[in-house]
Structures are given as structure tokens and as C-alpha cells.
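Please look over the model below before reading the points that follow. They are set out in the order in which I went through the structure.

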Amino acid sequence: MAPGRDRADRPGLIYQIATAGDSLPLRGNYAALLPRPTTAATIEPMKRLLAVIVLVVIAALTAYYITRQHPAAVPTTIANVLPADTALFIHLPDAEKNRDAWHRTDLYQLYREPAVQDFLEKPKSHLPEKNSAKEVWNDFASLRIRNGFLATNSFDSLRLIAGFEFRCDEKEAQAVIERWKSRILAKAAGTQRTSADYEKHKIDILSSGRFIFASTIVGRQFLAATAVEDLKALLDRVDGRTKAPALDSDENFRAAMKQMPPEYAWMLYLQPKQLAQKLVNLRAESGRALPAEQKTLIERIQSYAHAMVFDGPRIRDIGFAAMPQLSQTKLERTTLALAPAETLLYGANIINMQQQFDWLLEPAGAGSVAGPLQSISSALTSAGVTKEDWKAAFGDEISIMAAWPANAQLPNAAFTVAVRDGARARKIADAIASSSGWQKISRNNAEYYTAPTSGLLAVVSPTVAVSDRFLVAGLNAASVDGVISPTIPGGGLAGSEKFRSASKLVPDPSQIFVYLDLAGLYSRLDATVRPILQMGAAFVPGLSQRLDPSKLPPTEAVTKHLSPVVASTSYVNGGYRSESAGTITIEQAAIAVGAAYVGAMMQQHQAKGGSPPALPIPAAAPSPSPGALGPSPTP
């Protein structure tokens with residue numbers, strides 16, 4: 001063979017050696033080391049082995065892909081170091097990722113709008129250049145927090161444990177945490193600082209009277225508690241010294257986590273047994289204890305979980321209340337076909353009408369509504385209205401519709417209740433109207449009842465109408481007529497592309513559905529409030545000092561960032577699952593309205609020179625409304 005000649009030029013050499021058998025003068029056992037000829041008997045097992053290897057590789061790649069696309073919903077890394085009886089658990093998976101996702105939302109883009117920034121310039125100038133909230137925000141950003149958590153297993157003493165993982169340099173993290181402690185020492189007079197050794201950890205303790213803040217750093221984790229013993233118990237779990245059941249082994253927790261999205265910005269888990277027991281005790285102390293077979297709504301809830309997700313430009317809320325099903329009636333949204341295309345708010349809900357009757361007949365307590373309720377209860381009893389009449393008269397579906405025409409001073413809002421038996425429904429309406437002095441007329445195949453309007457604005461004339469299909473209540477006769485005798489051109493709200501697109505963002509509802517046209521609502525509020533603010537600035541010096549009404553952003557600059565908000569609730573897998581999506585969610589909108597109302601009341605009271613008003617605390621209702629939780633308010 002020529003030097004450098006490749007062995008591939010002799011393709012038959014190995015085969016010749018392998019098939020020569022005993023003819024080759026091979027000594028000892030060298031012949032056994034040579035490969036045997038390939039036959040049908042050896043090819044078949046090799047094919048099967050190769051097929052098995054390919055299937056194993058495909059299965060591994062599939063499992064990896066699924067894991068990457070759908071990570072486990074259970075936050076195991078935190079839940080397995082919390083006790084099984086944890087009553088409240090809040091989880092923040094990745095603060096840095098949340099910040100990036102927040103910057104992609106419509107709400108943040110609205111905030112960054114130049115016209116909005118120009119308007120906010122004056123209000124922001126009244127804020128202190130240095131404030132603790134801003135400093136804490138900057139500290140959190142520098143720490144690059146992941147897997148932050150807050151938890152407690154007692155609402156009595158509120159013993160909290162908390163912690164997070166930091167991804168910044170360890171020296172930087174220690175400097176930030178030390179700044180926090182220095183602020184506590186500076187602001188809380190008499191605070192003592194001590195330390196204690198536990199196992200291999202150094203616990204730093206700040207104490208002032210009943211206040212205790214114990215903390216330590218384990219690797220790249222900061223852990224803290226309001227009781228030293230609780231921090232030691234947490235360290236035992238982190239170090240693996242405790243074998244007691246953890247939260248992630250609790251059946252209620254695991255069932256709730258299965259309903260949460262695989263990725264979220266933050267998540268809350270609540271075990272309401274302690275709160276339910278407190279409510280029972282309060283009712284017993286006030287002499288309003290319920291019979292043993294009856295339970296309030298919070299007593300029926302086995303667990304509640306809520307998560308918020310940044311979904312591209314939108315924000316999404318998902319909630320799940322594990323509890324028995326309260327009503328077998330399924331939402332039909334029968335009034336959707338009656339809503340005009342310009343409807344700003346549409347909502348439909350399943351409730352238990354029998355419970356409402358029981359509530360009306362319950363002895364009224366103290367308060368501004370006690371007299372009217374007692375009058376209605378007496379009128380129903382005098383008219384011979386029974387529970388059977390009430391149940392037979394009305395269905396379990398209620399709805400609300402609101403539109404705000406450009407030529408109207410107030411929205412045309414209508415509240416409806418499905419009617420099963422028109423005669424009985426009219427009997428009940430007659431009894432209630434007569435007890436309140438309402439006037440009755442008949443038209444459009446329905447009975448109309450109008451409230452006395454003395455002392456009220458002319459544009460407000462509360463009206464109720466009863467037909468064979470609906471009981472309708474509205475602020476005026478025009479809003480009621482829109483339901484009793486509708487004229488819906490062009491398919492109405494149900495035919496609107498905006499409504500259809502928004503409805504697809506949430507699952508089909510079986511218990512609750514809400515639609516809110518945020519851009520349309522803002523446009524009408526802007527047209528109403530802008531002239532008032534501009535006039536008010538001339539007569540209220542304090543207003544012009546805090547903001548400049550002439551710099552209110554153009555309506556289009558705001559509405560282009562506002563998409564409709566939708567929400568739906570259904571009963572699935574042993575609980576009520578609610579989902580809401582939009583520029584903001586229904587829950588966030590409700591919180592914002594409530595906060596704005598409270599802020600306005602406090603501002604008004606302070607302007608008069610008084611102390612902040614005490615917020616009214618209503619007496620406990622026989623069955624609390626679960627509006628914040630999502631499920632139907634059926635008992």
C-alpha cells in the first residue's frame with residue numbers, strides 16, 4: 001500500500017478477515033475478537049434497540065418542552081418551607097421580570113404619554129424629593145428580587161415570616177438590608193439591637209416593646225420574621241431539619257394552585273378558617289348566631305387563591321374559591337340582546353332570590369335603612385306574599401346595563417331581574433310600591449312604578465317596571481323603556497366587534513359576566529368633568545395649586561391606551577374560578593373607585609378643617625356578598 005493511502009480504499013479487508021474463519025492463521029483467541037458476519041438474526045434485535053433509544057429521546061425532549069412551556073403552578077421552592085397550616089401566603093416570583101412586563105402594558109404606555117406627563121408635572125412637584133416609598137422601590141430594584149414571599153399562620157397575633165432571594169452582589173445586598181435596619185433604629189425610639197446564634201446562622205434582632213424584627217441571610221436568601229422562634233422554625237425547614245408536613249402537601253393548597261396560571265406576577269393564597277371562626281364568634285356575641293345547619297359565605301370557602309398576570313399590553317386577574325356549588329342555574333345573559341351598541345357597562349349574575357326574600361323579612365337592625373326595610377317587610381306580609389310566591393315569581397339571573405348618550409347628563413342605567421310568573425311578580429311589586437308611596441301606571445304591557453321626586457334632581461326619577469319577562473329598575477323612565485320595549489339597531493352590543501373581541505379574552509361564563517367599555521366611559525367622564533375642573537380652578541385656589549386643568553391631556557391621548565375590560569366566573573373543579581382582563585381588571589377598577597371615593601371624602605373633610613371621617617362599618621349581613629371573590633352571591 002502506498003504511503004498515506006486511506007484505509008477506505010480497502011473496503012473489503014475487514015469483511016475478508018471476518019469471514020475467513022479458520023482459514024486464517026490466527027493464533028490463540030484473536031479470532032474471537034473479530035466481528036461476526038451480519039445476519040438477519042442480529043439485525044432484528046438491533047432495530048428494536050434503536051427504536052427504543054429513539055422513543056426515549058423523543059419522550060425526554062417532549063417532557064423538557066412541556067416543562068419549559070408550562071412550568072409547575074405550585075411554587076414549591078417556597079411552599080415546601082412553610083407550615084401546612086399557613087393561613088396567608090403571598091408569592092412574588094420575579095420582581096425584575098415584572099418590571100419589564102409592566103413597561104409593556106397599555107397602562108404604563110398611558111403613564112408615559114407626553115401629554116399625561118405634562119399634566120402630572122405640577123402634582124408631582126408637590127411630592128418630596130426624597131421619600132421612603134421611592135427609596136424602598138429603588139432598593140428593591142437594586143436587589144433584583146426573586147421568590148419574595150410573605151406568610152402567616154395566625155391572624156390573631158399576626159406573626160409574619162418573609163424573605164426573598166437576591167441576585168445582586170452579596171455586599172450590595174447586605175448594604176441595602178443594613179440601610180433598612182438603620183431606618184428602623186432611627187424612627188423607632190428605644191429600639192434595641194441584639195443577636196443570637198442558631199445552628200450555623202447568625203440572627204440579627206431588632207426589638208422595641210412588643211415589636212420584634214428578626215432576620216438572617218442564608219446563602220443568597222434574606223429571611224425575616226416578627227418572632228425569633230418563627231425564624232428558627234423557618235431555618236429548620238430551609239436546612240432540612242424539620243420533617244413535618246409543609247404547605248405544598250396540603251390538599252386545599254394544591255387544588256387551588258392547579259387553577260392558577262403557570263406563570264404570574266404575584267399570587268395570594270388564603271385559608272379563611274380562622275377568619276370564619278372569628279365571624280361566628282362575633283355573631284354569637286351580638287346575639288345573631290345562625291342555626292347550625294346554616295353557614296355564611298366565608299365559612300363555606302375552603303381556600304381562596306388569586307394571581308395577577310401581565311399579558312402583553314393587558315393585565316389579567318385569575319381567582320379561585322374552593323367551595324360547594326351554590327346554584328345549579330346557569331347564566332344565559334338573556335338581556336344581552338337588549339343592550340344597545342353604545343353600552344358602557346353590562347353585567348349579568350346568578351343569585352339566590354330565595355335568600356333575598358329571607359333577608360327582606362329578617363328583623364331590621366339599626367341604621368338608615370332599617371325603617372324602609374321594616375316597611376317593605378310589613379307590606380309583603382300584609383299582602384300575603386309567601387316564600388313560594390317569591391321563588392315562583394323571579395328567576396335567579398340579574399343584570400345591569402348602562403349607556404351614557406352624549407345629550408344625557410347622567411348615564412341611563414337599568415337593573416333587571418328575570419321574571420318567571422308575571423302575576424306574582426306584579427303582586428310583589430304592588431306591595432312594595434304601595435308601602436313607599438310610589439305612583440303606578442300601565443303601558444307597554446307592563447306596570448310602571450315611579451318614586452316621589454321631591455327634593456331630587458329633575459333628571460333623576462327612580463322607576464320600576466314589571467312585565468312578563470323582566471322586573472326593571474332605573475334612574476328614569478327612559479332607561480327602563482329601553483329594556484321593556486327595546487329598539488336595538490344593528491345587532492346591539494352583542495353584534496359589536498369591540499364586545500365580541502373582548503369577550504374572547506375570558507372563558508365562557510356560567511355564573512358571572514361583566515363588560516366595561518373603559519375608553520367610552522372615560523370619554524363621557526372627560527366631557528362632563530373637564531369643564532367643572534376648569535371652572536373650579538378659578539374659584540378654588542387650593543385646586544389650582546395642586547393641578548393645572550388647562551393641561552388635562554386630550555381625550556384621544558388617553559383613550560387610545562384604554563381597551564375594554566371583561567370578567568367571567570364559572571364553577572369548575574370544586575370551586576368558583578373567575579378571570580378578568582383588560583387595560584386594568586374589574587377588581588382593580590373597583591379598588592380604584594373605592595380608593596378615589598375615600599380619598600375625596602378625606603380631602604373634603606380636611607379642607608373643612610376637621611379630622612378624617614370615620615368610615616362606616618356596616619352590620620354583619622346574613623350572607624356576605626362574594627363580589628370580591630368571584631363566585632355567585634348565592635348563600
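This is a predicted model: local features need pLDDT of at least 70, side-chain atom pairs count only at pLDDT 80 or more; totals for chains, interfaces and linings use all residues.

1. The volume of the largest cavity is about 30 Å³. Its lining is made up of Thr 334, Thr 335, Glu 397, Ile 398, Ser 399, Thr 416, Ala 418 and Phe 470. By residue class, the lining divides into three nonpolar, four polar and one charged.

2. Strands at the cavity. Which strands supply at least two residues each to the lining of the largest cavity? They are E12 (394-403) and E13 (412-419). The most comes from E12, which gives three residues to this lining.

3. Helix H17, length. Helix H17 covers residues 422-436, 15 residues in total.

4. Helix H17, ends and burial. At the start of H17, the backbone nitrogen of Ala 423 has a side-chain oxygen of Asp 421 within 3.1 Å. After the helix comes Gly 437, with a positive phi near 75 degrees. Buried residues in H17 are Gly 422, Ala 425, Arg 426, Ile 428, Ala 429, Ala 431 and Ala 433. Arg 426 is therefore counted as buried, since its relative accessible area falls under 20%.

5. In soluble globular proteins, nonpolar side chains tend to be buried together. The largest nonpolar core here holds 33 residues, and Phe 89 and Tyr 269 touch the most other members. Helix H10 (residues 228-239) gives the most to this core, with four residues. Another core lies apart from it and has 24 residues, including Leu 338, Met 401, Ala 465 and Val 506.

6. Ser 154. This residue sits in the loop between strand E2 (146-152) and strand E3 (160-165). Is Ser 154 buried or exposed? Its relative accessible area is 16%, so Ser 154 is buried, the cut-off being under 20%. A polar atom of the Ser 154 side chain lies 3.3 Å from the backbone nitrogen of Asp 156.

7. Glu 135. Helix H8 (residues 132-143) contains Glu 135. With a relative accessibility of 30%, Glu 135 counts as partly exposed. The side chains of Glu 135 and Arg 183 make a polar contact at 3.4 Å. Trp 180 is 45 residues from Glu 135 in sequence, while their C-alpha atoms are 9.9 Å apart in space.

8. Positive phi at Asn 147. Most residues other than glycine have a negative phi. Asn 147 is not a glycine, yet its phi is positive, at about 55 degrees. Asn 147 belongs to strand E2. At 17% relative accessible area, Asn 147 is buried. Please inspect the backbone at this position.

9. Positive phi at Arg 333. Arg 333 is also not a glycine and has a positive phi, of about 50 degrees. Where in the chain is Arg 333? It lies in the loop between strand E10 (314-322) and strand E11 (343-350). Arg 333 has a relative accessibility of 23% and so counts as partly exposed.

Methods:
Residues are numbered from 1 along each chain as its sequence is written. Side-chain values use heavy atoms; hydrogens and water are left out. On a 1 Å grid over the protein atoms alone, a cavity is a set of points where a 1.4 Å probe fits but cannot get out, and a pocket is an open set with protein on both sides within 12 Å along at least five of seven lines; lining residues have an atom within 4 Å of a point. Grid points are joined across faces, edges and corners, and a volume is the space filled by probe spheres set on the points. Ala, Val, Leu, Ile, Met, Phe, Trp, Tyr, Cys and Pro count as nonpolar, Asp, Glu, Lys and Arg as charged, and the others, Gly among them, as polar. The expected span of a helix is 1.5 Å times one less than its number of residues. Buried means under 20% relative accessible area, exposed over 50%, partly exposed in between (1.4 Å probe, protein chains only). A polar contact is a pair of N or O atoms within 3.5 Å; within protein, one must be able to donate a hydrogen and the other to accept it, and residues adjacent in sequence count only if both atoms are side-chain atoms. A nonpolar core is a set of buried Ala, Val, Leu, Ile, Met, Phe, Trp, Tyr and Cys residues joined through side-chain atoms within 4.5 Å.
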